[in-house]
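Thanks for coming. I have one model to go through this morning, and I will keep it short.

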Amino acid sequence: MASGLAEAETRQRLLRTVKKEVKQIMEEAVTRKFVHEDSSHIISFCAAVEACVLHGLRRRAAGFLRSNKIAALFMKVGKSFPPAEELSRKVQDLEQLIESARNQIQGLQENVRKLPKLPNLSPLAIKHLWIRTALFEKVLDKIVHYLVENSSKYYEKEALLMDPVDGPILASLLVGPCALEYTKMKTSDHFWTDPSADELVQRHRIHSSHLRQDSPTKRPALCIQKRHSSGSMDDRPSLSARDYVESLHQNSRATLLYGKNNVLVQPRDDMEAVPGYLSLHQTADVMTLKWTPNQLMNGSVGDLDYEKSVYWDYAMTIRLEEIVYLHCHQQVDSGGTVVLVSQDGIQRPPFRFPKGGHLLQLLSCLENGLLPHGQLDPPLWSQRGKGKVFPKLRKRSPQGSSESTSSDKEDDEATDYVFRIIYPGMQSELGSCWEPGWVLNVSPLWGTSTLACRGPACARGTDASCAHSPPLCVQLHCHLPALVAPLKLLCDNMKYQILSRAFYGWLAYCRHLSTVRTHLSALVNHMIVSPDLPCDAGQGLTARIWEQYLQDSTSYEEQELLRLIYYGGIQPEIRKAVWPFLLGHYQFGMTETERKEVDEQIHACYAQTMSEWLGCEAIVRQRERESHAAALAKCSSGASLDSHLHRMMHRDSTISNEVFESVDEAEQVEAEGRLEEKPTKIPNGNLVNGTCSPDSGHPSSHNFSSGLSEHSEPSLSTEDSVMDAQRAAPLVLRPRDSSMDDGQSSEATTSRDEATREELAPELLDLYTVNLHRIEKDVQRCDRNYWYFTPANLEKLRNIMCSYIWQHIEVGYVQGMCDLLAPLLVILDDEALAFSCFTELMKRMNQNFPHGGAMDTHFANMRSLIQILDSELFELMHQNGDYTHFYFCYRWFLLDFKRELIYDDVFSVWETIWAAKHVSSAHYVLFIALALVEVYRDIILENNMDFTDIIKFFNEMAERHNTKQVLKLARDLVYKVQTLIENK
């Protein structure tokens, strides 16, 4: 018997391991959208499945002399099962290749390159090669299913696959992993594939050090781009240092046309020339010239300072589509210099080449890269035996000098050239105005420049005025008056276009502002409250100010106290005293006597409510024990349990629901009619002063649970005795009518209570039972790791929640309400006071739950806010799967960010939200949510996040946010909307 139990335990342990590994793989597939073949979860999964398949395997099936039992088993199965036969052939071929590679590596190292390309398998992957290959070939589930159906041929009777329950379960578990797609693809930065949220934040901190802003208040515009993109000089800081250096080499995205190291550049006038690597890259749509200092290429600045090195400021990335002219200056004692001039006339720092004809090689590669759409003007010449050479243009000689200079001497002299990059098929009006070819010649001193022209007259050398031009420049001549009229027309056209664009831009802005005011005016208070007037509110509400207010309520106005809380929070020591005022338990300006009266009323209300639901709970426990005893009696008598099990299953499904379902309208009307006719109904918590009354705006009849006509889940609890139930029963039914005559006979009361119980108690008990089980389940798992929630305090939490639900039974308990109550109990540490404050809090929060409609409103307002305040981020969300529905914010709005922050930060955020209603916005939660998104805006854009990415990111960042930064940004966003509406 003991051995049988041990075998059963072993089977269950093996099956649990497989379930865990399957869950890991499926979660990885969902969060990352793929599963890599080298994932550690694959190895763990294969090991778990192999252990199950080998459990109880007969020695004959495994082979007496085979060390690899899985191989022997699969080969034997392959004789009668074709998928296993095909798998065996593939794995044997793969094993042969791996063995051949090992032999070659051990024998001759240089012959390794001649081997077929093999997957880079780890030793663990090779160990589980058969299971792993079967998984990737999507036949593992079929083979295991075959083994289960024919288990008697291969397994002992105690094996897992022989078990009639566990065997089919194992085969079913493998269906999911076998349906997934597995990838071997490695990206250029596969070491950083799918980084965690912490790593993304750390990367952004490193990269943001390179971003330079003209104004600290203006956010730099970022381009929406895919990961690992490389582009203009402005795009370079958005890449990691590693990405940027890797982009300098040949890769799948760009072709390397030219590369030369030790090219000198002088980044600043007060610096010496710095050597670096010059490279020319061509992609499908752009050609880029990059220069990177050698210190970044060889990593000599050190690992810690690499990302923050000042040399990143010197690196250059130049898009050649912006370059018009290349000034090439050849010196006899060096390899030459090239200066790039852009369309706006700005000259880039000179690139100085070492000796060896490298300048000509750059021009040759550039000319080839420009084809077929562009070309150099004048083009390079092709010379037999030498390839591309500089064009031979006739130079001007001084007046009276002979032109019979030897060609050998000319070849020895250095010559300067000005090349223009032209696109013959894309000549613009501006280009035609400059024909036949005006250029800007720069002297070797870089201090002066002359306007010259390359035209037919100059080419013939007929104009003597060119004789005084610099001897090392090819200059031609044109008449300037011919350009005056086209230039004037061009300037007039540009002026008209600028004014037109400015006007239409202003008109579009005005229309946009009108739309903004229409959509956002209801989200903020129109009166802007300054943080500095009448005094600085940065310190918040201190104990000194609060003590002064309690002594003399006229010393501070309510609005001033709220302003201090909004901008600076509440000093932790006085939160217990201030929170009841913020939540409406007390009114500002109440005297101490008035506050005591409110407390007495609340304690009386809470005690009355407690006595009522405790009596109901006692009856529920008694009824559950009776139901359980009846079920045991049926089991022992062997009677049919079909109807009973059906009720149990139906009841369990009701209890497991997190959101109540509505009942038929007929049942609602009938229930409402009975509730109105019977004044002895279970009280709903109404008081004379209304302090503990349920929210007037809450839904009523349409939110009754389907539990009205169902039984509760049986429980084995024996805490309450039958006598307790009998004693407490009258409390449940005791009327709360204050006008009742105290001298009324107890017999009449008892008879009326019994009549009411007979009519209403079953429905009410069923409804309360459903809520009770939900509350108990949530209370036990509510913030178990926080120091405050000892068993005694968890009992307080349960009491308060049961009391609230008893008064709001028509709404019922919904998952998440315990999360809202827990911080209140931590701060107030008083059941009755926490109960009252929670009731007030739920007046606002209740509509966020599924029975209300506030959540859809939050999503719509969030969409409007981010579309207006950050259109770039909104566009990214719209493009990447369109998650502008903002469902990732659901938990934020439902719980007021309680699960996103640690407890101390929750306190600060909640009190700011409560104060903001009166200071800046009744919808302040929207601006906190927007601030949370904006804090990580650059990370979202840089990593091109989709809906799955952003959910994963914020789940990992939970309780790690910089709350002070978020609150400050939220206040700034509110102020921004207020100023937009006021047109300031």
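I will start with how the values were made, then cover the whole chain and a handful of residues.

This is a predicted model, in which local features need pLDDT of at least 70 and side-chain atom pairs count only at pLDDT 80 or more, while totals for chains, interfaces and linings use all residues. Residues are numbered from 1 along each chain as its sequence is written, and side-chain values use heavy atoms, with hydrogens and water left out.

First, the chain as a whole. The protein chain has 39 helices and 15 strands. Helices (H or I, at least four residues) and strands (E, at least two) are DSSP runs, numbered from the N terminus. Of its 984 residues, 46% count as buried. Buried here means under 20% relative accessible area, exposed means over 50%, and partly exposed is in between, with a 1.4 Å probe and protein chains only. The accessible surface of the chain is about 51100 Å², and carbon and sulfur atoms account for 54% of that. Those areas come from the Shrake-Rupley method with a 1.4 Å probe; for residues, only the protein chains shown count as cover.

On contacts, meaning heavy atoms within 4.5 Å: among those between residues at least 6 apart in sequence, 71% join residues at least 24 apart.

Is R60 buried or exposed? R60 sits in helix α3, residues 59-62, and counts as exposed because its relative accessible area is 65%. R60 also belongs to a positive surface patch, together with R58, K76 and K79. A patch takes residues with over 30% relative accessible area and no salt bridge, joining like charges within 9 Å and nonpolar side chains (Val, Leu, Ile, Met, Phe, Trp, Tyr) within 5 Å. A salt bridge is a side-chain nitrogen of Lys or Arg within 4 Å of a carboxyl oxygen of Asp or Glu. Lys and Arg count as positive, Asp and Glu as negative, and His and the chain ends are not counted. The place of a charge is NZ of Lys, CZ of Arg, CG of Asp or CD of Glu.

R132, in helix α7, residues 129-136, is buried, because its relative accessibility is 5%. Leaving out residues up to four places away in sequence, R132 touches E37, D38, I42, C46, L121 and A125.

Next, V263, which is in strand β3, residues 255-265. V263 counts as buried because its relative accessible area is 0%. Which residues does V263 touch, not counting those up to four places away in sequence? They are V274, P275, G276, L278, W291, F351, R352 and F353. V263 and P354 are 91 residues apart in sequence, yet 6.7 Å apart in space, C-alpha to C-alpha.

Last, some backbone geometry. The peptide bond from D377 to P378 is cis, with omega near 0°, and P378 is in the loop between β10 (375-377) and β11 (381-383). The bond from L533 to P534 is cis, with omega near 0°; P534 lies in the loop between α20 (484-520) and α21 (543-551).

D829 is not a glycine but has a positive phi of about 55°. Its place is the loop between α30 (817-828) and α31 (831-845), and D829 is partly exposed, because its relative accessibility is 36%. F897 also has a positive phi, near 65°, and lies in the loop between α34 (890-895) and α35 (903-919). F897 is buried, because its relative accessibility is 2%.
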